[in-house]
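Reader: I would like to learn how to read a model of this kind with care. Could you take me through it, feature by feature?

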Amino acid sequence: MEIEQTALPGIGLKHEFTTQSGRRIAVVSHRSGRRDVVIYDKHDPDRACEAVQLNDEEADALVELLGAPRIVQRLNALHREVEGLVSVQLLIAEGSPYAGRPMGETRARTRTGASIVAVVRGGQVHASPAPDFGLMAGDVVVVVGSPESTAAVGDILSHG
Amino acid sequence: MHTASIFIELGGIVLALGVLGALALRAGISPIPLYLLAGLAFGQGGILPLATSEDFIAVGAELGVVLLLLTLGLEYNADELVTSLRGNARGGLVDLVLNAAPGAAAALLLGWGPVAAVAMAGVTYATSSGITAKVLSDLGWIGNRETPVVLSLLVFEDLTMALYLPILTAILAGVSLAVGAVTVAIALATVGVVLLVALRFGRFIEAFVASPNSEVLLLKVVGLALAVAGVAQQLQVSAAVGAFLVGIALSGELAHEARALLIPLRDLFAAVFFVFFGLQTDPAAILPMAGVAGLLAVVSMATKLATGMYAARRAGVARAGQARAGIALIPRGEFNIVIAGLAVAAGAHPDLGPLAAGYVLILAAFGPLAARLVQPLIALVARRA
């Protein structure tokens, strides 16, 4: 996907791209912090047929709505598509040996073959956490792999 | 007693402008033509002659010009000016040639001489960036493909203004060719130096002006702009250009903040400026010029339309977008009056003021309306095709 950037002198910047279905969408970022989400006309691709003005808060909300559930959705899709691959959500319990330690120290992928693809903390999804991502008690770790390997990760997280 | 009558007159004028502004808002047009009409109604030959406040209005009008140009300069930063100069020089030149020609030709045909021709060329050339920006925003055209083309033409015009105004000032001063050439050379050198300083050392000026306190920021920016405008006037470069260059030198977050602070001040004094121009113009003199103004308006609408279509086509925009680009460029407003005001103050032909007033009245009112009316038509044509 190619995102095209255009300067709008005196106003700000415009980023636009064409979706797979052939619709053109753009975001106009005004210098004042205002954001416009623009959808182009099917018949006249130069014209914005819909322009929705968003303030800072609304822009943030839209980003979150579009971003966060996509990760869960992607996991579910993965799950469905590949036979034998499961994704499980594992809670880091209060007594887990890895609570308070970086995720990399579990060496989960090396030891089991399964991958930790996300950590959910306080309702927020941290996708593709880096090895130095610190795990905490109460986190939910999303693991993808075969049923055996994901179970093994569960063992590691609760018993070390 | 004197102060009391000044206040009463000024209060009446500003209040009247406020009511007119509200009307314009409701009708969806620019308030500039209504302000001009208000100026015509007051003062010389009007229905409500002013007794005491003319002096104040004259100074207020000068301030209005400085603030108009300062906020215009703040809108763009030096990078944007240079980029659009590089990318759209050809479109900008077509704009200049096509749209300066009708005014110059009209002045020559009317037998007003070459000096008036230069002034009238400016009157028909400049699109009102204020009105056009509002049209783009109101009609939801900001995201459109042709809009960057329109905006960079506006930037080009403003940069041309920085060169044109000092030349006009020198010519209007009626100096000899040799002295005039020196003045113009000084003017161009000043513009060049300021642009260079703004590009290279803008952050030092910003460091001086910047303040977390909005009051301090306002005082520093206005003070700097007035001082530079005064020096520019001394050098015969025109105060307006000085203020414009100060605006360009400031950029980024600072410029954005300063603009937000200045806009209320500018709106007040710019309105005073339009009234002042109307005051100086005898309404009885507009009627005889109405035919010429109308004709000039029609011709220069066509030339702006052609300019927009040409520039948009070069950017690969389809036919409907080309038409929109042309229409968006039609409105004329503040700077055309600023130019005519300079010419009138320098004692140009007595009919120049009324012609410019009539011309701007038509295009400031009709430009935005044309855009609004044509929008559904263009959509219909695009759908058929």
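**Reading the model**

Author: Let us begin with confidence, since this is a predicted model: chain B averages a pLDDT of 85, and 96% of its residues score at least 70. For the model as a whole, the scores are ipTM 0.71 and pTM 0.74.

Reader: Why should I look at pLDDT before anything else?

Author: Where pLDDT is low, the predicted coordinates should not be read in detail.

Reader: How many bridges join S1(A) to strand S2 of chain A, and which residue is the bridge partner of Glu4(A)?

Author: S1(A) and S2(A), the latter covering residues 12–18, pair antiparallel over five bridges, and Glu4(A) has Glu16(A) in S2(A) as its bridge partner. Their hairpin has three residues between the strands, and Gly10(A) there takes a positive phi near 85°. Moving on to the following pair, S2(A) and S3(A) are joined in the antiparallel sense over seven bridges, with His30(A) in S3(A) as the bridge partner of Gly12(A). This pair also forms a hairpin, with five residues between the strands, and Gly22(A) in the turn has a positive phi of about 95°.

Reader: In what order do the strands of the four-stranded open sheet of chain A lie?

Author: The order is S6-S9-S7-S8 in chain A, again with antiparallel pairing, which shows that the order in a sheet has to be read from the pairing itself. Strand S6 (86–91) and strand S8 (124–127) of chain A stand at the edges with a single partner strand each, so one side of each lacks a neighbour in the sheet. The twist from one strand to the next averages 25°. Helix H3 of chain A, residues 147–159, packs on this sheet and touches S6 and S9 of chain A, and its direction makes about 10° with that of S6(A). Within the sheet, strand S7 (residues 115–121) and strand S9 (residues 140–145) of chain A pair antiparallel over five bridges, and Val120(A) has Val140(A) in S9(A) as its bridge partner.

Reader: How many residues does each chain bring to the contact between chain A and chain B?

Author: An interface can be read by asking which residues take part, and then which elements supply them. Chain A brings 18 residues to the contact and chain B brings 26. On the chain A side, strands S1 (4–8), S3 (24–30), S4 (35–40) and S5 (48–54) each supply at least two residues, and S1(A) gives the most, with three residues. By class, that side of chain A has nine nonpolar, three polar and six charged residues.

Reader: And the helices of chain B: at what angle do helix H2 and helix H12 cross?

Author: For a helix pair, one reads the approach of the axes, then the angle, then the residues that meet. The axes of H2 (residues 32–41) and H12 (residues 252–280) of chain B come within 7 Å and cross at roughly 45°, so H2(B) and H12(B) are oblique to each other. Their crossing is right-handed. Residues in the contact include Tyr35(B) and Leu36(B) of H2(B), and Phe274(B) and Phe277(B) of H12(B). By class, this contact of H2(B) with H12(B) has 11 nonpolar, two polar and no charged residues.

Reader: How do the axes of helix H4 and helix H8 of chain B cross?

Author: The axes of H4 (residues 78–87) and H8 (residues 147–172) of chain B come within 9 Å and cross at roughly 105°, so H4(B) is roughly perpendicular to H8(B). Among the residues that meet are Glu80(B) and Leu81(B) in H4(B), and Val155(B) and Phe156(B) in H8(B). The contact of H4(B) with H8(B) has five nonpolar, three polar and one charged residues.

Technical notes: Residues numbered from 1 in each chain as written. Chains lettered and ligands numbered in written order. Predicted model: local features only at pLDDT ≥ 70, side-chain atom pairs only at ≥ 80, totals over all residues. Axes fitted to C-alpha atoms, helices over the stretch in contact; angles between N-to-C directions. Parallel < 35°, antiparallel > 145°, perpendicular 65-115°, else oblique. Left-handed = near helix turned anticlockwise from the far one by under 90°. Contact = placed C-beta atoms within 7 Å. Nonpolar A, V, L, I, M, F, W, Y, C, P; charged D, E, K, R; others polar. pLDDT = per-residue confidence, 0-100. Pairing = 2+ DSSP bridges.
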